[in-house]
Amino acid sequence: MTAATGALRHAAPRSALWRRRGVRKAATLYLLISPWLLGFALLSAIPLALALLMSFTNYDGLNLEYVRFLGFDNYARALTDADAQHALGRTLVLVVAVVPIGLVVQLSLALMLNQPIRLSALFRTIFYLPYVIPVVAGAWVWKLFTDPSGGLLNALIGIASPDVNIRWLVDYPTVVLALFTIWGATGGGMVVFLAGLQGIPAEYREAAMIDGASRVQVTRFITLPLLTPVIFFNLVIGIIAALQILVQPMLLAPGIVGLGPGTVPPSDNYLYAVHAYITIFVHQLFGYGSALLWLLFLVVVGLTFILFKTSRRWVFYGVEP
Amino acid sequence: MSLAIRPRASARAIALRYGPLLVAATAFTLPLFWVAVTSLKRQSEYNASPIVILPSVLQWVNYEQAVLLADFARFALNSILLSGTYAVLVVLSSALVGYGFARHRAPGRDRLFAVLLATLMVPNLVLFVPQFVLFARFGLTNTYWPWVLWGLGGSPFAIFLFRQFFASFPRELDDAAEVDGAGPLRIFFRVYLPNSGPALAATAIFMFLWVWGDYLYPTLLLSVNNTTLAVRMANAYVDPRGNPLQTVTMAGVVLYVLPLVAFFAFAQRFIVRGIVTTGIKG
Amino acid sequence: MTPRATRRQVLIGAGALVAASAAAPILAACQASTPKTGGSGKVVVMTDPNEFSDDDRKILEDATKLKIEVVKSDLTTLYAMWAAGNPPDVFRVQAAGLPQYISRKMVKNLQPYFANSKFLKLDDLAPANNFYRSDGKTVGKGDLYGMVKDWSPDFTLFAYAKAFDDAGVKVPSDTTPLTYDELHTIAKKVDRKQGGKRVYWGFVHSNNDQWIDRTAMNMLAEKNQSLYSDDFSKLVIAGSPEALKVVRYLYDLAAEGLQQSPVDPSPNWMGADFNNGQIAILQYGYWFSAMAESDTTKGKTVMLPAPTWAGVRRDPTMTATGWVISSQTKDADAAWAVFEQYMGGKPAQDRAKSGWGVPGLKSLYAQMPQESAFQKQVQRVVQGELPKSDFVLQFNPYVGEETFSTSWKKNLEPALKGQIGFDKFVQNIESEVNAAIADGKRIIRS
């Protein structure tokens, strides 16, 4: 874009009128986006820079008396931190568990709800509801739901096979975390898929069906390919979010539901953001914690880049109607 | 819907169409059912072993308690005020910025847009402490100003959305307005905004819900007196000895969610259409 | 070795914003603590709303003619407020956090204020207040940096008689203290599970492991030993036979399912579970007597004296919840006025009468409630405990209050699941806590 403008500038005669219009265009753009520019500078860029700065020090979050510059020590430490490595591993496991299944669930529900069925509004509401329930309340619900003694889940399982008393949160904490996360996130993604589906012109589907295609074939060869941009969108957003999950494992940790210091998830649910949070607020290592979070940022950027690069293979930006 | 003539749906087809949906709905509803049912139990029935599925006597008093203990109306108003203010500001600001990115070429535009997308990737926790330090320095803690500022600054997600949306508007509309002598701002208000009803509404609802459900930022930035309902509810439902009252908490959750549910059930066709028109797939 | 950037270089590099944040605390720390005057008439108090009702606030505002703003006590919020250079004037602490606050110069030396106080006389202070004394090196003697709002001998036990009846075991006498070993044996007998579901936990303690290090320290102190080396620079468990014994004892309680643990958790805190009649023996201080009798446990609760590990009984407080004044308060006199009234005025008397704790002033001891039969029984035991409560637990000044317990909980889970052995469990805790100590020492070194 800039190259083209640059070329134009050299090609066209340097008339005062043109230059003025160029300046005017730039002024317009920057004025229009100024709210975001200011907001970004004040609320994102500066805090991010401060966080970067903190990551090079031993700041303990309490006062600046003892701040020392440490260079890249924090980063070196982060790369050899066994807890951080374990946490990153568990986080990647969770991403692999939650994102594909979540996408499949959201997409399937959207496909099913896109058909002419009765009570579609009711179904949509049911699936959207967990998205709206505040996460603290959701955690209460799931802890209770999976409680070995007083929980509904074991009671239902007990109907089929009595005397089976699975300690969900103790023996399968990641399963509960994954289910809780997927349950809560479905609403948002499903709505986006629904919108994407309704953006696909009906003519395409009808034409295929007139030609004799079955519903399944229509879905597989027409609907899904045309939906890949939306799938890609949800995939990227989903992975970015999953890498940062913090609140859900903390709230599901044994003991009282809450986010206070002293809450420690079981080691299977000890995710990367949890590790950073505990490092900052329990061990008071703001500097080291910031380094951990900056490394996470780099991982996110890297993964997103890979996703975009590989997206050309399978994302089909079709023709607009 | 379909113009083709089809035979009347067979029983098998109906089962295929509704079956999986019912299974999924049941799976989703089980925890919700548990919320509803727990909200009507006595505390002793809540954690009873062997499990008590349905309460023996419906404890509607829990709902009374949920309203009283949390001073529900007052904090609900706080939440509505905060969420509403943020939603309105952020949508207008994001639409304006999205319009800028969509329609006005200038050097640096694409690079800035890439920066915008990159901000979606920043882990929130990184910004958490420095943002708090900044707000505290300027005396903005215990006020709603941080949300006003966030609203005015726009949301990258919403800006992205609007940019996609506005990019698909036919340029003839712009040109026609320009011929009439309208400047960029007037074009925005006369051409773009009026035609974005559903997109505005959909985005506003998403943004409203984000603040409505947020727990982390109000805990840190607001005081006990002016905090939101989400935070209040997490702490308020205890008996005089400090023991948490989960049954009342569940009643509180139902009250918290019910108006949203009603609203969503009513407005969801609207929301979906709103996202459709943003042409996100492109 | 290249010289590290000096503090000034860091600050200049950071820009105006950070420099502005830096100026205030550095200046404050450099000044001698002279009482400042002429504030805005407002005092920000960070405390627990359960301990500071609206009525309390009104009483204090009337008595001091100041406006009081209450912030809910929360460690994260406290750190954030400090990071912003705007900490509360008065804040609630527990003794475990105090050494760190003192070593990082975050709290004000209140000795001169106490010397001149009408309400808070130095010789009237309960021994628990020694937790707030420091001479710069040791906690327990020296100048006062704060005061307890009330306290309890924290190692007493509460027994639920029904659990004992169900097991056919006699409730221990409330005049003869048990040893920890006897307690272990009894707990095993009254602990009960039915068909995989929990009926009674045998012996639950340490506030769901949040205070596990304090319990251990109190046991070790009977033999004049500690979990840490003399200068607190290292956590030593494996290298100290007695410490290993104590840790093994506490670990076994969890391994045998007598204590609530990450593999046998409850969604409630232990107090609520006791009220629900799910705990046979609970270890909490006198304060719990104010709520021990729920509908389920009424008439079936007995308070027992603290057990002993090695025959030298100690029953100090391990929390010593109280208030301090921040070193950066802008109006120390106003903060002190509020502090003084809360600690010695009507709110203090109300607290004494409520039975939620032993008062911080000895002159208020007589106000503790003694009406019901249970309260009388409790007072009898408390009177026996008071002579054993003069001790001060030494907390590590280099780390925060939750460091040890977080490490304990984090490693207990895989250990109880058999994923790591007991030796690895001890080793992990040692290395994690020692790393934290090293971090803390590096920070304070200047």
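This is a predicted model: local features need pLDDT of at least 70, side-chain atom pairs count only at pLDDT 80 or more; totals for chains, interfaces and linings use all residues.
Two residues are taken to be in contact if their C-beta atoms, placed from the backbone, lie within 7 Å.

**Chain A and its interface with chain B**

By the contact criterion, 83 residues of chain A meet 78 residues of chain B. On the side of chain A that touches chain B, the most residues, 12, are given by helix α3 (residues 34-55) of chain A. Sorted by class, this side of chain A holds 63 nonpolar, 16 polar and four charged residues.

As for its own fold, chain A contains 15 helices and zero strands. Chain A has 321 residues, of which 50% count as buried. Among contacts in chain A with a separation of 6 or more, 71% are made by residues 24 or more positions apart.

**Two domains in chain C**

The domain assignment divides chain C into domain 1 (34-150 + 318-384) and domain 2 (157-315 + 402-444). A distance of 28 Å separates the C-alpha centres of domain 1 and domain 2 of chain C. Between these domains of chain C, 15 residues of domain 1 are in contact with 15 residues of domain 2. Helix α15 (residues 373-385) of chain C supplies six residues, the largest share of the side of domain 1 that touches domain 2. That side of domain 1 of chain C comprises eight nonpolar, six polar and one charged residue.

| Side of domain 1 of chain C that touches domain 2 of chain C | eight residues | six residues | one residue |

**A helix pair in chain B**

Two packed helices are described by the angle between their axes and the distance between the axes. In chain B, helix α4 (residues 72-103) packs against helix α8 (residues 156-167) at an angle of about 50 degrees, and their axes are 7 Å apart. The helices α4(B) and α8(B) are therefore oblique to each other. The crossing in which α4(B) passes α8(B) is right-handed.

Residues of α4(B) in this contact include B:Val90, B:Val91, B:Ser94, B:Tyr99, B:Phe101 and B:Arg103. Among their counterparts in α8(B) are B:Ala158, B:Ile159, B:Phe162, B:Arg163 and B:Phe166.

Key
Residues are numbered from 1 along each chain as its sequence is written. Chains are lettered from A and ligands numbered from 1 in the order in which they are written. Domain bounds come from an automatic or database domain assignment. Helices (H or I, at least four residues) and strands (E, at least two) are DSSP runs, numbered from the N terminus. Ala, Val, Leu, Ile, Met, Phe, Trp, Tyr, Cys and Pro count as nonpolar, Asp, Glu, Lys and Arg as charged, and the others, Gly among them, as polar. A residue is buried if 20 or more other C-beta atoms lie within 10 Å of its own, exposed if 12 or fewer, and partly exposed in between; C-beta atoms are placed from the backbone. Axes are lines fitted to C-alpha atoms, for helices over the stretch in contact, and angles run from 0 to 180 degrees between N-to-C directions. Angles under 35 degrees count as roughly parallel, over 145 as roughly antiparallel, 65 to 115 as roughly perpendicular and the rest as oblique. A crossing is left-handed if the near helix is turned anticlockwise from the far one by less than a right angle, and right-handed if clockwise.
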